[in-house]
Amino acid sequence: MTTTPLAAPHALVGTVHTVGILDTVNQVDQGGGWLYHLLTKAGVSPDTASTVTDLVIRPLSILFVVIVALVVARYGAKAIRRLFERLANQAATRSGSARAGARVTTMSGVMANVWRFFVFVVAGAIVLGMLGINLTPLLASATIIGATLGFGAQQIVRDYFSGILMTMEDQYNVGDSVTVGGVTGVVEDVTMRLTRFRSVDGTMFVIPNGDIRLVGNLSRGWARAVVDLTLPGATAADLDTVRRVIGEAAHRVAADPEFAAHCTEPPSLVGLLAADSSTITMRVTLLTVPTQRDALTRALREQAVTALAQAHLWPADVTPP
């Protein structure tokens with residue numbers, strides 16, 4: 001029977017002692033960094049080197065992250081404000097609205113605060129990681145919750161983004177007359193998510209901003225009063241008289257004290273617009289401001305019809321013989 005000789009007890013003790021020291025060094029060295037290696041090479045014990053590293057490098061690293069976050073938050077907010085101010089100037093020039101600049105300036109403050117919040121959240125996560133806090137479960141939970149909310153509230157998010165862009169571009173304001181989805185009305189309330197406007201018959205329409213794809217603003221810049229007059233086909237034999245009568249009526253309206261200050265150009269008689277076997281259609285236009293278009297259109301139509309009737313040109317019967 002053969003037996004294996006046992007190692008000497010002092011050899012076993014030395015081996016165990018060496019393995020223990022190596023494990024301690026590896027544990028302390030993990031994440032120690034350059035200062036830890038420098039101290040250990042200088043003869044400082046691993047525990048002391050690790051303590052110095054925790055008391056010097058880690059606070060300095062955290063301080064560096066905080067300073068960088070403050071700098072990024074401050075100058076990023078300034079850049080956002082500068083960008084929004086440029087957009088505000090463009091929107092005010094384009095729309096001629098004095099409120100456009102104020103609205104976009106308010107929006108720039110909101111976006112700057114959102115930027116600061118984002119920067120501080122990222123900096124906080126980095127600092128927590130430096131302190132040894134495991135963020136993986138928290139980030140995993142936040143990702144799942146964010147994805148769930150994103151899928152469930154994507155329509156609301158789209159409405160808010162559309163509202164932000166609409167405010168930046170100053171597409172319309174409260175009091176503007178707009179056409180949305182084939183419905184014309186006056187805007188009564190505008191929020192980041194919804195637009196409320198009332199039609200001519202008093203119906204209130206509420207539309208999410210994300211659903212607005214095409215909007216017509218009838219209250220910006222200039223407007224044109226357009227009147228189409230349908231006359232009997234027999235008047236085609238004397239179009240010069242018809243043009244003269246309609247033109248004189250249009251000039252009387254433009255010279256009326258009620259509209260004179262709002263008529264930016266002389267009346268324009270387009271002339272013969274359409275014709276068939278029984279009728280002809282004449283058009284007259286007058287350039288004005290948006291707020292006076294409807295009233296000017298009614299006055300222009302009344303004057304033209306009255307003048308044509310007095311000249312025995314307005315039909316009572318357009319039925320073909």
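1. Two strands are taken to pair if DSSP finds at least two bridges between them. In this predicted model, strand 7 (residues 268–275) and strand 8 meet that condition, pairing in the antiparallel sense over 6 bridges. A hairpin of 3 residues joins strand 7 to strand 8. Within this pairing, leucine 269 stands opposite valine 284 of strand 8.

2. The protein holds 8 helices and 8 strands. It has 321 residues, of which 30% count as buried. Its accessible surface comes to about 20100 Å², and carbon and sulfur atoms account for 63% of that area. Among contacts with a separation of 6 or more, 62% are between residues 24 or more positions apart.

3. Strand 8 also has a partner in strand 6. Strand 6 (residues 223–232) pairs with strand 8 in the antiparallel sense, over 10 bridges. One of the bridge pairs joins threonine 230 to threonine 281 of strand 8. As to burial, strand 8 is largely enclosed by the rest of the structure, because 9 of its 10 residues are buried.

4. Threonine 281 illustrates how strand 8 is placed. This residue belongs to strand 8, and it counts as buried because its relative accessibility of 15% falls under the 20% limit. The C-alpha atoms of threonine 281 and threonine 230 are separated by 4.4 Å, although the two residues are 51 apart along the chain. Beyond residues up to four places away in sequence, threonine 281 touches Asp228, Leu229 and Thr230, together with Gly271, Leu272, Leu273 and Ala274.

5. Leaving aside neighbours within four places in sequence, the contacts of threonine 288 are Trp222, Ala223, His262, Thr264, Arg293 and Leu296.

6. Strand 1 (residues 177–180) and strand 2 pair in the antiparallel sense over 4 bridges, with valine 178 opposite glycine 185 of strand 2. The hairpin of strand 1 and strand 2 has 2 residues between the strands, and glycine 181 in this hairpin takes a positive phi near 60°.

7. Strand 2 pairs with strand 3 as well, again in the antiparallel sense, over 5 bridges. Here glycine 185 has serine 199 of strand 3 as its bridge partner. A hairpin with 3 residues joins strand 2 to strand 3.

8. Which elements supply at least two residues each to the lining of the largest pocket? They are strand 2 (183–190), strand 3 (194–199) and helix 8 (293–310). Strand 2 gives the most, with 3 residues.

9. Histidine 312 deserves a check of its backbone geometry. Most residues other than glycine have a negative phi. Histidine 312, which is not a glycine, has a positive phi of about 60°. This residue lies in the segment after helix 8. Histidine 312 is exposed, because its relative accessible area of 74% is over the 50% cut-off.

10. Glycine 109 counts as buried because its relative accessibility is 12%, under the 20% limit. Between the C-alpha atoms of glycine 109 and lysine 78, which are 31 residues apart along the chain, the separation is 9.8 Å.

Notes: Residues are numbered from 1 along each chain as its sequence is written. This is a predicted model: local features need pLDDT of at least 70, side-chain atom pairs count only at pLDDT 80 or more; totals for chains, interfaces and linings use all residues. Side-chain values use heavy atoms; hydrogens and water are left out. Buried means under 20% relative accessible area, exposed over 50%, partly exposed in between (1.4 Å probe, protein chains only). Contact means heavy atoms within 4.5 Å. Accessible areas come from the Shrake-Rupley method with a 1.4 Å probe; for residues, only the protein chains shown count as cover.
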